[in-house]
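Welcome, and do keep the viewer open while you read. The report below walks through a few places worth a visit.

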Amino acid sequence: MKRLLSTIHCHHAGGGSSGGDSFVRHRQPAAFSLFELLIVLAILATVSAMAAPQLMSMIREGTVFEAADNIRAILGDARRFAIDTGIDYEVRYEVNGSTVVVLPAELELSVDETQGTSQTIERYNRLALELPETIRIRAAEGEEEASERLEATVFGDLGGNQLAQKSWSTPIMFRFDGTADDFELRVSDERDLTAKVTLRGLTGSARTSQVYQEQD
């Protein structure tokens, strides 16, 4: 019995060949032909060409919506500043431009120490928002687009000399009690993809619409 097992073991160790010569044939994986690769590349190119316009449209819509939603957020900042400081705040946008500013409705007052008061001057909050150059901000459809220049001093540390050269909308007011003026503006790109930002005066809250294609 032991001899039989030993014989079987030797048979396997020798690879199963009585002559001692054995080989293993490895199958080579099939390769793609040049013609098959060209077909795959043609399919990919066709799919990409079909998807590219839709993808670019989604990117443009996303840019417009993000710009409009950033304006909605800065309106919320103005409301918060008004409530926290107890003074009115205003938001102005560059007419047919891409800049928005939040400014106090009154300037800081210098204090006269000769009257026994402190010289400390409280600095009011100010914000500036720069949107992509492809974006322009406009009044609601059918509304008159009034504009005016502002003195550099009202911008504080925001870079007044440059901002004073822009044409600004009439102010969107936020009062210290949290209320505001009813207002609506449009945010558009060069292809007239547009989103609306609507401000409800009673609550001071703003919302952003979905992006739509504005017709001439």
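## A buried arginine

The side chains of R138 and E214 are joined by a polar contact of 2.6 Å; a polar contact here is a pair of N or O atoms within 3.5 Å, where within protein one must be able to donate a hydrogen and the other to accept it, and residues adjacent in sequence count only if both atoms are side-chain atoms. A polar contact of 2.7 Å also links the side chain of R138 to that of S188. Before going on, please note that this is a predicted model, in which local features need pLDDT of at least 70 and side-chain atom pairs count only at pLDDT 80 or more, while totals for chains, interfaces and linings use all residues. Residues are numbered from 1 along each chain as its sequence is written, and side-chain values use heavy atoms, with hydrogens and water left out.

You will find R138 in strand β4 (residues 136-139). R138 counts as buried because its relative accessibility is 12%; buried means under 20% relative accessible area, exposed over 50% and partly exposed in between, with a 1.4 Å probe and protein chains only. Leaving aside neighbours within four places in sequence, R138 is in contact (heavy atoms within 4.5 Å) with Y93, N96, E145, L185, R186, S188, T194 and E214.

## The chain as a whole

Three helices and nine strands make up the elements of the chain; these are DSSP runs numbered from the N terminus, helices being H or I of at least four residues and strands E of at least two. Read from the N terminus, their order is α-α-β-β-β-β-α-β-β-β-β-β.

Of the 216 residues of the chain, 30% count as buried. Among contacts between residues at least 6 apart in sequence, 59% join residues at least 24 apart. The chain exposes about 14700 Å², with carbon and sulfur atoms supplying 53% of it; the area comes from the Shrake-Rupley method with a 1.4 Å probe.

## An open sheet

Next, follow the order β3-β2-β1-β5: these four strands form an open sheet with antiparallel pairing, where two strands pair if DSSP finds at least two bridges between them. β3 (127-130) and β5 (172-174) stand at the edges with a single partner strand each, so one side of each is left without a neighbour in the sheet. From one strand to the next, the twist averages 15°, with axes being lines fitted to C-alpha atoms and angles running from 0 to 180 degrees between N-to-C directions.

Within this sheet, strands β1 (residues 89-93) and β2 (residues 99-104) run antiparallel and are joined by five bridges. E90, for instance, has L103 in β2 as its bridge partner.

## Aromatic pairs

How many aromatic pairs are there? The count comes to two, taking rings of Phe, Tyr and Trp (its six-membered ring) whose centres lie within 6.5 Å, with planes under 30 degrees apart called stacked, over 60 edge-to-face and the rest tilted. F81 and Y89 form a tilted pair, at 5.6 Å centre to centre and 55° between the planes, and both residues are buried.

F155 and W168 also form a tilted pair, at 5.8 Å centre to centre and 45° between the planes. This pair links distant parts of the chain, 13 residues apart: F155 is in the loop between β4 and α3 (160-163), and W168 is in the loop between α3 and β5. F155 and W168 are buried.

## A covered alanine

Finally, look for A195 in strand β7 (residues 193-200). A195 counts as buried because its relative accessibility is 0%. Not counting residues up to four places away in sequence, A195 touches V64, A68, L185, R186, V187, S209, Q210 and V211.
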